[in-house]
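Biologist: Could you walk me through this one while I have it open? I'll ask as I go and jump around a bit.

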Amino acid sequence: MMQAHEGYVTDDGRQIGGTVMELKNITLRFGGVVAIKDISFDIRQGEIRAIIGPNGAGKSSMLNVISGFYNPQEGEVWFKGYRRGPMKPYQVARLGIARTFQNIALFDGMSVLDNIMTGRLNKMKAGFLSQAMWWGAAEREENENREAVEKIIDFLEIQNIRKTPVGRLPYGLKKRVELARALAAEPQLLLLDEPMAGMNVEEKEDMSRFILDVNDEFGTTICLIEHDMGVVMDLSDRVVVMDYGRKIGDGTPDQVRSNQDVIDAYLGVAHD
Amino acid sequence: MDQVIFGAEVFLNGLMTGVMYSLVALGFVLIFKASGVFNYAQGVLALFAALTLVGIQDGQVPFAHLINAAFGTSLHHFGWTVPSILAIALTVLVMVLLAFLIEKLVLQHLVGQEPIILFMATIGLAYFLEGLGDVMWGADIKTLDVGLPQGISDGIETLTAGWFGYGFFIDRLDIWATVIAALLVAALVAFSQYTKQGRAMRAVADDHQAALSVGISLRFIWVMVWSIAGFVALVAGIMWGTKSGVQFSLSLIALKALPVLMLGGFTSIPGAIVGGLIIGVGEKMFEFLIGPMVGGATETWFAYVLALVFLVFRPQGLFGERIIERV
Amino acid sequence: MIYREAGDFKTSYRDDSQTFPIRLDRWGYYAILAVAFGIIPFVINDYWANAVLVPFLIYAIAALGLNILTGYAGQVSLGTGGFMAVGAYAVYKLMTAFPDVSILIHILLAGGITAAVGVLFGLPSLRIKGFYLAVATLAAQFFLVWLFNKVPWFYNYSASGQITAPERTVLGHAVTGPATSAPAKYLVCLVMAFLLAWLARNLTRGMLGRKWMAIRDMDIAAEIIGVDPLRAKLSAFAVSSFFIGIAGALLFAVYLGAAEVGEAFGINKSFLVLFMIIIGGLGSIFGSFAGAAFMVLMPVLLKNVLVGTLNWPTDLAAHIELMIVGALIVTFLIVEPHGLARLWRLTKEKLRLWPFPH
């Protein structure tokens, strides 16, 4: 069994709880290439956890291990007190892990509303016949879940585009819709894959605010990867630093900032 | 023992049919590699080429049927015949013109569309060309003769009769088809490996954007590739047309080329050839061994089911490149 | 300004998700239903039933089915003809084996049997995608046609190899067999088309429809947010084949009366229905009807003009029809990949602002 961790209180006074996810000695290989080597860390209830590192450090692979898209050759993944075996991606979603993607993965042919509604598909249990007749459970569920989705739409300030096909939206708004879809699932753990990539300063500020608000308002546990050091340090409670598939630092932003290995990795000191 | 020898003959005949399939499949692969278009119309292209060849040879008046209906005339032939070589050359010209028009009117407007949209567009193209061929040259079955030797090869029959006490029936046309197909493949490989245009073609196949950025004209390459495919279609049309007459069923061999490609992979020239041979031999042997038990005529579906079963286990085909999915 | 949504406020999510949120659309829809059910049955004659309305309704059902699979779930199929044949032969076997059971039940059962066959041929879709799958569905097309041709049990060992529909009645009126009246044919097909369109609408606006569209738009992302691709794709194959099976059953039993499999359900039928949804609009219920209407009406009109008025030979007209169909497909894909349905929507958007576009 996993050891119970004491929580801690952040500088701004939020109570962080016990461990939600724990990764133990993860090693991931593609053929002969080692993408992740022997990495362990944990993610705790209610915190914003970041994984940072230069390009090619293995951050995305790490996120894909957490989200169950890749199965590591070695190591253990523990989620909510249970060891997670190899799973299909859609089964992982049912455990309560939602994510966004670096290269936005929205459903372009569907409206914003429908996209966000897909986030709630695990909450809707109406049978086939009920859906076919649009009677009873199907209609009731549709309206209840619509209400939940409308709250998220209000929260992310995208009311005016709800019926627009996603394919027509600009980049920044697409990112927001993707966040909305992930939130709609009411995840236990929310994974954000470079949420700020390709954004201008203003959009980055908006996105940072939404991430903080989500964490604050819904108490969602968030794990994000990002290569923009500045944003991450302001945002997160604890940071894992990766380089060449290894973990070279782990701790609060201040601890990480003063870590010599991290400084070397970011300033490009030659590896020996 | 008789069964074995008879089976061997079926096997050989299957190989010959397979060569024909490969020939059509080759046209598919060329276009697919260079433009990412899965050209359903390849078979109709073969039919159209064969119709045009016969029409020119016999000195038919194009669109005679239409003109007669519209103006009450009774045109049919110019009254001359054109020698085979000249007719073939003229048909090649027509096919190049057709390639140019297809690029200009269809492909150019569909750049960057999803592959499946392009695929459906070529189905539309196939219908159009089928109608056009019929309106231009009439829909009656025509015989095509460009002087290729036909009939059972006596030499082989006597030779095998000497070996097994049973003479194999091999059509001389099939032997010629095999030789011509082999030459055509060799020529295409040489073309794509050793000429400037061939290299440009491969570059386009690899990456459209990158090819554009080094100054290769996409339009030129596409016209060229469709012209070559038209030429390959003409060769296939001549072979099949000589064998079983120029008629609509000719375009159905194109459908047979689809499972060939699924087996061989859409991007591989050797794949098209091996796939064609496997399908040719497979369907003849299946009909020979299993056909009598289930009522025969299994050739209509065997190729597709084989390809389907095969694909489920190896989705990229025999020689296709492996597709890696990423998020 | 006649066509507008301003002032047409919605106060509940239920109102907002209804099929025709705009009042004028709703009225138009009720008016069409009133004409279709209340007027046409009393004025229809054999020519209109056989040349236009009955084939239109039957192909609309088939197009709805294919649209669910291709337009909504993104799985291209060229096996529609084969699946229609399953529906036709299923209803034939059921009709002749259980003559006392209502033909309507047989038609629905035929749809169910086709759904099962559709799921079977849908299994490879889990491994192969795009036009690979499209070509793989040709296996279904050719194999099924061959099967119904070669196994005499399917056509009850009839000497001609054809299947012929015996007379069956609904509420005392013949709906199959040679004695069927035009209104009876029409009404059976109309009721079926109406119910199935309603079913399709419900399925596509709910969660199942969203799962299908998610798979269509980006299958990997769909799986990561929790769509089980196996269930989503197979359910699309099942529902789609159910519709197509019913269309096949109606085509044989009500419309043709007798059928030979290769002729009635060949590969051309697969393309015909595919063309309907391309021209009508992929992923649109309205488009399925519009496409079916277009592809049924066009040859009739063409024939009337070329053969009837200009006195051109029939075969020439047929060849010109091929050219026109092919050119139209290409044109639609180039100009408007979303088909007639999209054109209709654009017109409505213009009308909404009319006569003050600025």
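Biologist: Let me start with a detail: in which loop of chain A is the place of Glu194(A)?

Modeller: Bear in mind that this is a predicted model. Glu194(A) sits in the loop that runs between strand 9 (189-193) and helix 7 of chain A, and its phi is positive, about 45°, although the residue is not a glycine.

Biologist: What about Tyr157(C), what is its phi and where is its place?

Modeller: Tyr157(C) is not a glycine either, and has a positive phi of about 55°; its loop lies between helix 6 and strand 1 (163-164) of chain C. Tyr157(C) counts as exposed, because it has 8 C-beta neighbours inside 10 Å and the limit for exposed is 12 or fewer.

Biologist: Switching to sheets, in what order do the strands of the open sheet in chain A come?

Modeller: The 6 strands of that open sheet follow the order 8-9-10-5-11-12, with mixed pairing.

Biologist: Which strands of chain A form a hairpin with Lys80(A) in the turn?

Modeller: That hairpin is made by strand 6 and strand 7 of chain A, with 2 residues between them, and Lys80(A) in the turn has a positive phi of about 50°. The two strands pair in the antiparallel sense over 2 bridges, with Arg83(A) in strand 7 as the bridge partner of Trp78(A). Strand 6 (residues 74-79) of chain A is also joined by 5 bridges to strand 3 (residues 19-30) of chain A, again running antiparallel, and here Met21(A) has Phe79(A) as its bridge partner.

Biologist: How is chain A divided into domains?

Modeller: Chain A is divided into domain 1 (1-87 + 188-272) and domain 2 (105-186), whose C-alpha centres lie 28 Å apart. Their contact takes 8 residues from domain 1 and 7 residues from domain 2, and helix 7 (residues 201-218) of chain A gives the most to the domain 1 side, with 4 residues.

Biologist: Now the chains: how many residues does the contact take from chain C and from chain B?

Modeller: That contact takes 36 residues from chain C and 42 residues from chain B. On the chain C side helix 14 gives the most, with 13 residues, and by class that side has 30 nonpolar, 3 polar and 3 charged residues.

Biologist: And what does the contact between chain A and chain C take from each?

Modeller: Here 31 residues come from chain A and 24 residues from chain C. Helix 5 of chain A gives the most to the chain A side, with 5 residues, and that side divides by class into 16 nonpolar, 7 polar and 8 charged residues.

Biologist: Last topic, the largest nonpolar core: which residues touch the most other members?

Modeller: Those are Ile61(C) and Leu250(C), in a core of 295 residues, to which helix 10 (residues 229-256) of chain C gives the most, with 17 residues. Domain 1 and domain 2 of chain A both give residues to this core, so it lies between them. Beyond residues up to four places away in sequence, Leu250(C) touches Ile58(C), Ile107(C), Cys189(C), Met192(C) and Tyr255(C).

Biologist: Where is the place of Val86(C), then?

Modeller: Val86(C) is in helix 4 (residues 80-97) of chain C, and is buried, with 30 other C-beta atoms within 10 Å. Its contacts, leaving aside neighbours within four places in sequence, include Ile113(C), Val117(C) and Leu144(C), while the C-alpha atoms of Val86(C) and Phe148(C), 62 residues apart along the chain, are separated by 8.5 Å.

Methods
Residues numbered from 1 in each chain as written. Chains lettered and ligands numbered in written order. Predicted model: local features only at pLDDT ≥ 70, side-chain atom pairs only at ≥ 80, totals over all residues. Core = buried A, V, L, I, M, F, W, Y, C linked by C-beta atoms within 7 Å. Buried ≥ 20, exposed ≤ 12 C-beta atoms within 10 Å, placed from the backbone. Domains from an automatic or database assignment. Contact = placed C-beta atoms within 7 Å. Nonpolar A, V, L, I, M, F, W, Y, C, P; charged D, E, K, R; others polar. Pairing = 2+ DSSP bridges.
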